[in-house]
Amino acid sequence: MYKKMPSIKIFFIAIFCAFLTTSVFAKVSEITMSNLNKAFRGETNASHRYELFAEKADAEGYKQIAKLFRAVSMAESIHRNNHKAVILTLGGKPDVVEYDAVKVRTTRENLQVPVKGETYEKNVMYPNFIKQAKIDGVPEAVRTFTFSDNAEKQHEKLFEDALNNFGRNKPADYCINRITGATYAVNLNSQCPSGKCGSVEEYIRVKDSE
């Protein structure tokens with residue numbers, strides 16, 4: 001016969017074990033939650049910064065580059081919203097974001113800013129965030145970070161091409177996937193690519209301002 005443990009002791013042991021389990025998971029997920037908020041702040045500021053750069057490009061007469069800045073700004077806003085949604089899904093609280101001060105220079109100089117920024121995000125920031133989210137076992141974070149990482153690679157190339165061909169940029173529209181923020185340059189008379197659901201309506205098309 002075993003000696004029956006008093007129910008009060010069982011209760012306290014259960015509470016203690018639950019506390020340990022919760023603490024472990026909270027400690028693990030805290031890193032990814034912090035990364036989500038860092039990404040959320042970064043994409044919010046990037047979207048704002050590119051809007052200001054677009055206004056400057058318009059003012060200087062570089063309509064094609066202004067269109068590119070607006071397209072990437074839209075893509076970054078999609079990433080921002082994705083990160084925010086995951087934070088809320090995981091029971092977190094999105095940071096209150098105050099825009100960083102933006103130095104708006106000439107359009108040529110403004111193009112050099114994202115070339116450096118996008119390189120850091122695709123080579124360092126998002127790969128590290130994805131790795132940590134996998135360690136923490138947070139597939140929602142892996143997904144939103146991967147969407148952003150893939151798009152940043154596209155943005156880097158688009159900005160590099162715009163800078164290398166500055167003053168002789170070919171006319172093009174831009175198609176932004178509503179879910180992933182993937183960004184494609186397309187000929188003016190071409191359709192946006194079909195998305196995963198086989199519909200061009202999955203894309204937002206950025207055209208010349210009326």
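Which residues do ring pairs link into a cluster? Tyr 50, Phe 53, Phe 69 and Phe 159 are the residues joined in this way. The structure is a predicted model, in which local features need pLDDT of at least 70, side-chain atom pairs count only at pLDDT 80 or more, and totals for chains, interfaces and linings use all residues. Residues are numbered from 1 along each chain as its sequence is written, and side-chain values use heavy atoms, with hydrogens and water left out.

**Overall architecture**

- The protein chain contains four helices and three strands, these being DSSP runs numbered from the N terminus (helices H or I, at least four residues; strands E, at least two).
- Along the sequence, the elements follow the pattern α-α-α-α-β-β-β.
- Of the 210 residues in the protein chain, 39% are buried (under 20% relative accessible area, with exposed over 50% and partly exposed in between; 1.4 Å probe, protein chains only).

**Helices H2 and H4**

- Helix H2 (residues 63-89) packs with helix H4 (residues 139-164) at an angle of about 170 degrees, and their axes are 10 Å apart; axes are lines fitted to C-alpha atoms over the stretch in contact, and angles run from 0 to 180 degrees between N-to-C directions.
- H2 is therefore roughly antiparallel to H4 (over 145 degrees; under 35 is roughly parallel, 65 to 115 roughly perpendicular and the rest oblique).
- Residues in contact (heavy atoms within 4.5 Å) include Leu 68, Phe 69 and Val 72 of H2 and Phe 145, His 155 and Phe 159 of H4.
- The 27 residues of H2 should span 39 Å at 1.5 Å a residue, which agrees with its end C-alpha atoms being 39 Å apart; the expected span is 1.5 Å times one less than the number of residues.

**Aromatic pairs**

- The structure holds 10 aromatic pairs, defined for rings of Phe, Tyr and Trp (its six-membered ring) by centres within 6.5 Å; planes under 30 degrees apart are stacked, over 60 edge-to-face and the rest tilted.
- Tyr 62 and Phe 166 form a tilted pair, 4.7 Å centre to centre with 45 degrees between the planes.
- Because Tyr 62 lies in the loop between helix H1 (7-59) and H2, and Phe 166 in the loop between H4 and strand E1 (173-177), this pair ties together parts 104 residues apart in sequence.
- Tyr 62 counts as partly exposed at 27% relative accessibility, whereas Phe 166 counts as buried at 14%.
- Phe 69 and Phe 159 have ring centres 5.6 Å apart and planes at 40 degrees, so the pair is tilted.
- Phe 69 and Phe 159 are both buried.
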